[in-house]
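Please look over the model shown below before reading the briefing. The points after it are grouped by topic, and cut-offs are given where a term is first used.

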2 protein chains.
Amino acid sequence: MKTNNTNKQSVTVHDVARVAGVSKSTVSLVLRGSDKASDRAKEKVLKAIEETGYVYNREAAAMRSKSSDLVAIVINDLTNPYSANLAVALEKHIRELGLMATLVNTSENALTQTQIVAKLQEYRVKAFIICPTPNTQASWLNQLQKPHTQVVSIMRQVDGSQVPCVLPNNEMGAYNATKALMARGHKHIAFIGGDAAISDYHQRLAGFNKAAKEQVDIQTWVFNSTTNRHGGRLAMSECLAQVPQVESVVCFNDIVAYGVIEYLAEQNLKPGADIGVIGFDDLDDSKLMSVPLSTVKIDANDIAKAVCHILKNDTQEGLTQVPVELIERSS
Amino acid sequence: MKTNNTNKQSVTVHDVARVAGVSKSTVSLVLRGSDKASDRAKEKVLKAIEETGYVYNREAAAMRSKSSDLVAIVINDLTNPYSANLAVALEKHIRELGLMATLVNTSENALTQTQIVAKLQEYRVKAFIICPTPNTQASWLNQLQKPHTQVVSIMRQVDGSQVPCVLPNNEMGAYNATKALMARGHKHIAFIGGDAAISDYHQRLAGFNKAAKEQVDIQTWVFNSTTNRHGGRLAMSECLAQVPQVESVVCFNDIVAYGVIEYLAEQNLKPGADIGVIGFDDLDDSKLMSVPLSTVKIDANDIAKAVCHILKNDTQEGLTQVPVELIERSS
DNA sequence: AAGGTAAAATGGAACGTTCCAAGAATAATT
DNA sequence: AATTATTCTTGGAACGTTCCATTTTACCTT
């Protein structure tokens, strides 16, 4: 029963108003769910919308009202499974807030990041949720923050920036993981993987060192690597070569742990039984591996909730540390 | 040297015009890079923009000109590594076209898909690039296509839909993979993993069967699974239990192959040496595994290029099949 | 039934840009 | 130097919505 006028000019509030027999203003009221319109009017307008196939023009609305409902999620590297997880969780929670989420990827490139964000500013986005690339300037991040534009930085801290920041409690996570290995009676423990250019790394390493220092007879080693599976494998091979007496390892994240486990398998060493392995993130795969991976879980939903809390309340509180949870499985 | 008026109303073309000593229309011309403005005017305007800190209001522009440069990339599941790869490649190529890409995730949920797309329509996006969820209605996809809205479906084909579609040549890929295994002299070959609800599955399986039928003494089996690492492991365990004489397997994709390899390692079987394994996709990790994975590479850039070709030329050609490449490594 | 009050509906202005038709300035031609 | 052709520039209207001040309608109260 739809009136087919798709080939004509686009349908506007005026058309809907005409069909419904009310004014443009009333239609606008109904569209925004105002309680100032009578039920009878609402009904008529809704029917007219259905009949005409009207679609709301959010650009026009945004221009007039000077407020947008667009939230940009600026992710450093979507091909990283944890980032993708987080992005999806953020998108879902933002949508539940009644806002529109748009996702962009900066590929860890600071220049790309500035370019994309500049373009997004032209769309008057209401908020930026940014996982900053390495070399992000604090001044740049700060000036992004404006009366009608919120900025939240996530997962990584930019020195000297004034914008609210949501982080997992990296130090606590690594501390707990290390203590758990010490509780197994292990005294030779290594920290494997991670990139010193990122703030996460230092926080996790700090937790590791803090735990180790609490007991006098603990020996530790650190082996850096690129933050991927291959890096984990290489670092673990180096570790075993240099420190054959190593009893267990704390990995920078699960992906690195996967590489570690892969190398152990090649050496006929069984994770958990022969060498303790604890990861960080708790990716979906981790619980499903042949030897389920022990890990420090960062719940993406918790991060997303903390971000949404800041968005809703427009608070300027500096740092939100999201608790993490040690999940001991078989490794 | 910037005039600080950030706390005032926002800066508009009028302000820039006043500062530059030209008309609003001239400013608009310069903004759009028109060659109808003199170099002297351009220079003055550019300087004024710098001075005033003007930022372009794309909503206002889009409303007036009735054309947007927003391209929506609607991805079925961003937590799938291949999808994330593809999304990143698409975003990059679309940006190079001078358009703005926005990424959204539907989590394989048809209802979410309709909701998100409806919301995006309110932003008057220029084009939808959709990897459709299972149960996507062809009629829904078709009516999305309008005079000013292009639609391209990627990776999956929706029966009965009229929108242009870009697919990897799944059948050819699986065919070549299977033939490569046959060339090793294998006669007992299984197809592992994949979900029958998705068009990919049937195309890849068809290629597998086609190759097997070309030689009289080939025996084949098919083991379905969920399309993840865990599924691959389960399917492979079932396969080995039921078909101990199996010599090699074609996997639905690399992720499934990872699960397969994991299970083989548990059974002390070496991929390539004991059992041939070929994947599909060529994820970054595949070349870096302890036994580098043989696989059928789907180049995400090729898919993105094909999509951009359709966007540029506004062609309505039905199906674009992107060539795939068999990469034989050690498995 | 008349007056008063609250609720509902409305027309015009405004948001910041681009389009358009037309005017001004400059260059080219005779 | 006068005319024509060409290149630049410009003010006003328009895009589709929301805001605002005002009018109309509905609902009470006495």
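In this predicted model, a polar side-chain atom of B:Arg64 lies 2.8 Å from a base nitrogen of DNA strand D, a polar contact in the sense of a pair of N or O atoms within 3.5 Å (within protein, one atom must be able to donate a hydrogen and the other to accept it, and residues adjacent in sequence count only if both atoms are side-chain atoms). A polar side-chain atom of A:Arg64 likewise lies 2.8 Å from a base nitrogen, here of DNA strand C.

Residues are numbered from 1 along each chain as its sequence is written, while chains are lettered from A and ligands numbered from 1 in the order in which they are written. Because the model is predicted, local features need pLDDT of at least 70 and side-chain atom pairs count only at pLDDT 80 or more, whereas totals for chains, interfaces and linings use all residues, and side-chain values use heavy atoms, with hydrogens and water left out.

**DNA strand D**

- The phosphates of DNA strand D are also approached by side chains: a phosphate oxygen lies 2.7 Å from a polar side-chain atom of B:Ser38, and another such distance, from a phosphate oxygen to an N or O atom in the side chain of B:Lys66, is 2.9 Å.
- Two or more residues of the surface near DNA strand D come from each of α1 (13-20), α2 (24-31) and α4 (58-65) of chain A and from α2 (24-31) and α4 of chain B, where helices (H or I, at least four residues) and strands (E, at least two) are DSSP runs numbered from the N terminus.
- The most is given by α4(A), with five residues.
- DNA strand D is surrounded by 28 residues, the closest being A:Val13, A:Ser28, A:Arg32, A:Tyr54 and B:Ser25, and a residue is near a molecule or strand if one of its heavy atoms lies within 4 Å of it.
- Of the atoms of DNA strand D that come within 4 Å of the protein, 64% belong to sugar and phosphate.
- This surface divides into 11 nonpolar, 11 polar and six charged residues, with Ala, Val, Leu, Ile, Met, Phe, Trp, Tyr, Cys and Pro counted as nonpolar, Asp, Glu, Lys and Arg as charged, and the others, Gly among them, as polar.

**DNA strand C**

- Around DNA strand C there are 27 residues, of which B:Val13, B:Ser28, B:Arg32, B:Tyr54 and B:Tyr56 are the closest.
- Sugar and phosphate make up 66% of the atoms of DNA strand C that come within 4 Å of the protein.
- The largest share of the surface near DNA strand C, five residues, belongs to α4(B), and the surface as a whole has 10 nonpolar, 11 polar and six charged residues.

**Interface of chains A and B**

- Contact, meaning heavy atoms within 4.5 Å, links 46 residues of chain B with 46 residues of chain A.
- The two chains bury about 4600 Å² between them, 54% of it on carbon and sulfur atoms, buried area being the accessible area (1.4 Å probe) that two parts lose on being put together, summed over both.
- On the chain B side, B:Glu59, B:Tyr123 and B:Arg124 lose the most area to chain A, together 15% of what that side buries.

**Cavities**

- There are three cavities of 30 Å³ or more; a cavity is a set of points, on a 1 Å grid over the protein atoms alone, where a 1.4 Å probe fits but cannot get out, and its lining residues have an atom within 4 Å of a point.
- The largest cavity holds about 90 Å³ of space, a volume being the space filled by probe spheres set on the points, which are joined across faces, edges and corners.
- Its lining has nine nonpolar, two polar and no charged residues, and β2(B) gives the most to the lining, with three residues.

Conventions:
On a 1 Å grid over the protein atoms alone, a cavity is a set of points where a 1.4 Å probe fits but cannot get out, and a pocket is an open set with protein on both sides within 12 Å along at least five of seven lines; lining residues have an atom within 4 Å of a point.
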